[in-house]
Amino acid sequence: MGKRKLTIRRKESIYGYIFIMPFIVGFFAFTAGPLLFSLAGSFTDYNITSRMDFVGVENYQSLIVDDGLFRTSLWNTIYYVAFSVPLTTLGAIFISALLNQDVPGIRVFRTLYYLPAVLSGVGVYLLWMQLLEPGTGMVNLLLGWVGIDGPNWLYDPDWTKPSLILMKLWSVGGSMLLYLASMQGVSRSLYEAAEIDGASRWRQFVHITIPMITPVIFFDVVTSLIGGFQIFQEAYIMSGNGEGGPANSLLFYNLYMWNQAFESFDMGYAMAMSWILFVIVFVLTLINLKLAPRWVHYEGEEK
Amino acid sequence: MKKVRMPLLVLTSATLMLSGCAGFQTSDNSEGQTNDEGKTVVDFWSFWGSELRRPVIDKIVADFNASQDEIEVKHTYSPWGDIWTKELAAIAAGNPPDVVINDINATAIRGKENQAMNLSEFMDDGFSDKFYPELWNATLYEGDSYGIPFNTDTRVLFYNKDAFEEVGLDPEDPPETWAELEEYAAMLDVKNGDDYDRLGFYPLWGVGYDVWLLNANGENYFGADNNVDTVNINTETNVEVLNWLKSWRDRIGEDVVNSYQAQIDSQQGNPFFSGDLAMLVQQPTFYTQISEYAEDLNFGVAPLPEYEPGNGHTSWGGGFVAEIPEGSSDPEAAWAFIEYLTGAEAQEYWAVENFDNVANIEAAEAAAQSDELSEEGQMVYQMAIESMENTLLTPAPVEAPGFYNYINPHVDEFFLGSMTAEEALAQAQADVENLIESNQ
């Protein structure tokens, strides 16, 4: 290798590997072992302390064939993902488009909308439980002012998941920041050219802004899809007793898995559940990646 | 590209192998740990980190350490949310703490799963007599104890004496039966249009439907000694009780129930403190809130009313045990600490300082007489002790871990009106039977 110079291409790929090295090392040192162990464990009746006998595909079989709660939890999770991912994506794009305007005090607004993303965890959930309180909560109070008799939110099984989606919409500030950064990177000359051609603001947005930020949209959709399937804390805290009530409407996939693992100590069963979830998310991500070239536009891409 | 990949592949597979090796080297802790002074260190985990509880448990630990030449207990606080998952991981890794405070209701399951040590070998005959039998029995798996009861709770009826007097009821004669409860509640109601200025009672604040089922049946859903040959969920009595509970909601109205519930959840705004609610089922520790937020309230405490005269004032409780995780480095020393922790002296100190129900009978009775409690405090504590006689625990049978997860959703549906009581209980019964079958 020393005799001839490395080509730029080769150099770049070495740099690339160096940059992702921390992840690769971390992955093999800490994650890969447990990952393989859980795959092996999913074919056993492992319960952490007293037994680990091979049971074949029994866990998978009873999950898919017999377990009603498994189906409920999968349905709840898919419902949540199907609504929360598009809504939060649209919400974030909408807000960042508004915050991309040149008006006085825009920094204050940006800070305000970003703030919820800084807050996180149990505190936020408790806050929202108060806000969504049917009798005295702020949300129903506001709805009452415009003559709407607000629902029972976290007490009504039909409204529990919408409640969580509403809460997620409140904290779109994080992805808003990504969109905003990407929108600011769109070259002014494109808009100027469009203006000369007589394009309206709306058409500029649809035909310039949106295509230019599609890489970020793609990234946001993929990560929030994966994140959406992992919803756990919200249900664990906000269903009151942590069981996914009322009427199992907040029994999400990971909550049920957690119950199996740490309440029933049926670790093998829970591991099988986690692999089923992995397959689902993997397939969805593959579909996303396959569809991406049709709508994601990379500047300077070689076709 | 190829050439770059090769060294990478070597490097990554080397890392993998190294991490793999590390995985098999579980640290073996059987030798025990000693500190600089040569004392055996007992690692003690609890979730008592609050301003109220932490000083009390730390004092108990310090007292124990002062009395010992060879053992030193090190108390580690771990939050409620993850203490037991951490413990489980530590057991699996072979390096667990030596004493952990854990939920009494799953003690038998932890015994069965080899998470907790069998404590029978450590104790003398008659050791179990120190504790309430109901608590002791909940720690048994196949006749052996896997955790020593530490604290517990029960449910009693708090009532407003002034309100009783105002409507012509005898303030020293609280309701004895469900029928009287209903009658008194109606008398205590003060209606104001659709709203209430004062509400007599609502059964589902402070406790769940399952406490009323337990009260009516005098037993949990399962057979004697928690055997699962019989599962009594879908019974006529239970259908009747659920309908009775719902009739309160229908009478009082959804909105009133919800707005009161919100005030109760906010703690200091509890309508019982302001006299807007005349009777409420709560744990005896509720007294600490009364004395903090409503000093002048003239209240009394009574056992839970009984379903029918002579049926028994059955109440419901839970609690925590001190146990030795499997793989502890020095179980003998750990046991010495547990014996102290559940002994009369430490238990009385805990009971009085925290106003908490303790499992040690002698300590509980001494606490009720303690000069450190106010007169009202003594009254409530005395009632707690009386109620303990009728208090049942509902530990999960080893064949039905988390059984309530299979009942609650259907009962939710009943209260929401999408199922009749018969339908809900029939489904719950079927689901629990399925659960038992899959665990046998």
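Tutor: Contact here means heavy atoms within 4.5 Å, and the structure to which we apply this is a predicted model.

Student: Which residues does Tyr381(B) touch, not counting residues up to four places away in sequence?

Tutor: Tyr381(B) is one of the residues that touch the most other members of the largest nonpolar core, a set of 199 residues, alongside Tyr209(B), Trp212(B) and Met279(B). Leaving aside residues up to four places away in sequence, Tyr381(B) touches Ala351(B), Phe355(B), Asp356(B), Asn357(B), Val358(B), Ala364(B), Ala367(B), Ala368(B) and Leu373(B).

Student: Is Phe355(B) buried or exposed?

Tutor: Phe355(B) is found in the loop between α14 (344-354) and β14 (357-358) of chain B, and its phi is near 45 degrees, a positive value in a residue other than glycine. Most residues other than glycine have a negative phi. Because the cut-off for burial is under 20% relative accessible area, the 4% of Phe355(B) places this residue among those that are buried.

Student: What relative accessibility does Ile48(A) have?

Tutor: Ile48(A), which is not a glycine, has a positive phi of about 80 degrees, and this residue lies in the loop between α1 (8-41) and α2 (58-65) of chain A. Ile48(A) counts as buried, since its relative accessibility is 14%.

Student: Which strands stand at the edges of the open sheet in chain B?

Tutor: This sheet has six strands with mixed pairing, in the order β2-β1-β3-β13-β6-β14. Each edge strand has a single partner, so one side of each is left without a neighbour in the sheet, and these strands are β2 (71-77) and β14 of chain B.

Student: Which residue in β13(B) does Val100(B) stand opposite?

Tutor: Strand β3 (residues 99-103) and strand β13 (residues 319-323) of chain B pair in the antiparallel sense over four bridges. Within this pair of strands, Val100(B) stands opposite Glu323(B).

Student: How many contacts does the stretch of residues 1-12 of chain B have beyond near neighbours in sequence?

Tutor: Chain B averages a pLDDT of 89, with 92% of the residues scoring at least 70. Over residues 1-12 of chain B, however, the pLDDT is below 50. Where pLDDT is low, the predicted coordinates should not be read in detail. With that caution, the number of contacts for residues 1-12 of chain B in the model, beyond near neighbours in sequence, is 12.

Notes
Residues numbered from 1 in each chain as written. Chains lettered and ligands numbered in written order. Predicted model: local features only at pLDDT ≥ 70, side-chain atom pairs only at ≥ 80, totals over all residues. Heavy atoms only, no water. Core = buried A, V, L, I, M, F, W, Y, C linked by side-chain atoms within 4.5 Å. Buried < 20%, exposed > 50% of the residue type's maximum accessible area, 1.4 Å probe, protein only. pLDDT = per-residue confidence, 0-100. Helix = DSSP H or I, 4+ residues; strand = E, 2+ residues; numbered from the N terminus. Pairing = 2+ DSSP bridges.
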